[in-house]
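Open the model in a viewer with both sequence and cartoon on display.

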Protein chains: 2
Amino acid sequence: MDRGDLFIISAPSGAGKSTLCSMLVKELDNIVFSVSHTTRPPRPGEVDGKDYFFVSEAEFQRLVAEDAFLEWARVHGNFYGTHRGQVMDKLAKGLDVILDIDTQGAKQVKEKLPGAVTIFILPPSWQELKRRLVARGSEDREKIKLRLKNALLEMEEVPNYHYTIVNDQLQVAFEELKSIIIAERNKTRRVIGGKIDLAALKPDPEEWDSI
Amino acid sequence: MDRGDLFIISAPSGAGKSTLCSMLVKELDNIVFSVSHTTRPPRPGEVDGKDYFFVSEAEFQRLVAEDAFLEWARVHGNFYGTHRGQVMDKLAKGLDVILDIDTQGAKQVKEKLPGAVTIFILPPSWQELKRRLVARGSEDREKIKLRLKNALLEMEEVPNYHYTIVNDQLQVAFEELKSIIIAERNKTRRVIGGKIDLAALKPDPEEWDSI
């Protein structure tokens, strides 16, 4: 069996990353989301080990001290981290793992796992990004401005990603995302010893004589 | 407009390369076959500049002396070559170019164009390759043996190719080949300055104030 790949996917909010990633795990087999550890309390309906691994702050700090995280960050007073062991176990089982993460986290993970495949999802234009964020209607001007400022900072990192998808039409963008996963699965190092053993392509001597 | 990529596709005979490549240029836009130069006379129905560029041996030798070929070879007394200018013109127009070529030719091209993307198409097994070659029914045992021997030599080069496709089920193999082309078109270096200009993702100062 071949080893899976880690796919790091980043995008500014409004680019459509969550929708695209959900479509991907529904359409393809053997690809799963990485489940993060967090110190924030579970929301109604959230399942431990599925949505997040919910841990205490003491437990989280213990894991940080053990260098158990590929990356971690504090957001609005809560800690979030990607547990190395969780990811590595899935990869070893031949699963591809999606890490939906910002550019800062992506940098940390790439240092630890340089073989990770990185994908950036862009909106088609600045105007469209603004339109999508305003259309959500749930946030005030200052919050939208902050999201747009963060988007600008995130998008400066695009050149450091292997792949870039421009999400103009959702179905086209999805086709592109799916193609990237399928193409990576067809990298020679994954196919040899995975789907096929080169030894199976050589005849036994008696077979040769029987032609 | 982005620059196209050169896709070098190799396979032993019986792997299904021609079928897959034909499906590909029918399905995708902006991808074309490279047209070879040859000294062999045209067969009925063959069109100069479409099937081949038909040239005299003197003309071919002149081109060789000028280093005009990315690769060339003599097969059954005729010369065949891939003209660098032909390929480069298409790439510059933003077209992807398919070079359907054996492993020896692929090596020559890779030396001259190290950015080429290389794809190897494999049969699912030795037994299946033999079955396909025998099923053609048009050749005697010795010719089939020779093809199988060549197939073994070709397949030793698989580890030097970026991508490997195992052609067990044609539709699956085709999906994989198409995905590789689409994925390469989504490499960041092609998308930036091609599909999207990063400057379009930055607001003018007055736009910023209008939020």
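A residue counts as buried if 20 or more other C-beta atoms lie within 10 Å of its own, exposed if 12 or fewer, and partly exposed in between, with C-beta atoms placed from the backbone. The model is predicted: local features need pLDDT of at least 70, side-chain atom pairs count only at pLDDT 80 or more, and totals for chains, interfaces and linings use all residues. Residues are numbered from 1 along each chain as its sequence is written, and chains are lettered from A and ligands numbered from 1 in the order in which they are written.

Select helix 1 of chain B, residues 17-27; helices (H or I, at least four residues) and strands (E, at least two) are DSSP runs, numbered from the N terminus. Colour K17(B), L20(B), C21(B) and L24(B), which are buried. Viewed down the axis of helix 1 of chain B, the buried residues fall within an arc of 95 degrees (taken from the directions from the helix axis to the C-beta atoms), so they line one face. The face turned away carries the exposed S18(B), S22(B) and K26(B).

Next, select chain A's open sheet: four strands in the order 4-3-6-5, with mixed pairing. Strands pair if DSSP finds at least two bridges between them. Strand 4 (52-54) and strand 5 (69-75) of chain A are the edges. Strand 3 (residues 36-38) of chain A pairs with strand 4 of chain A in the parallel sense over three bridges; T38(A) has F54(A) as its bridge partner.
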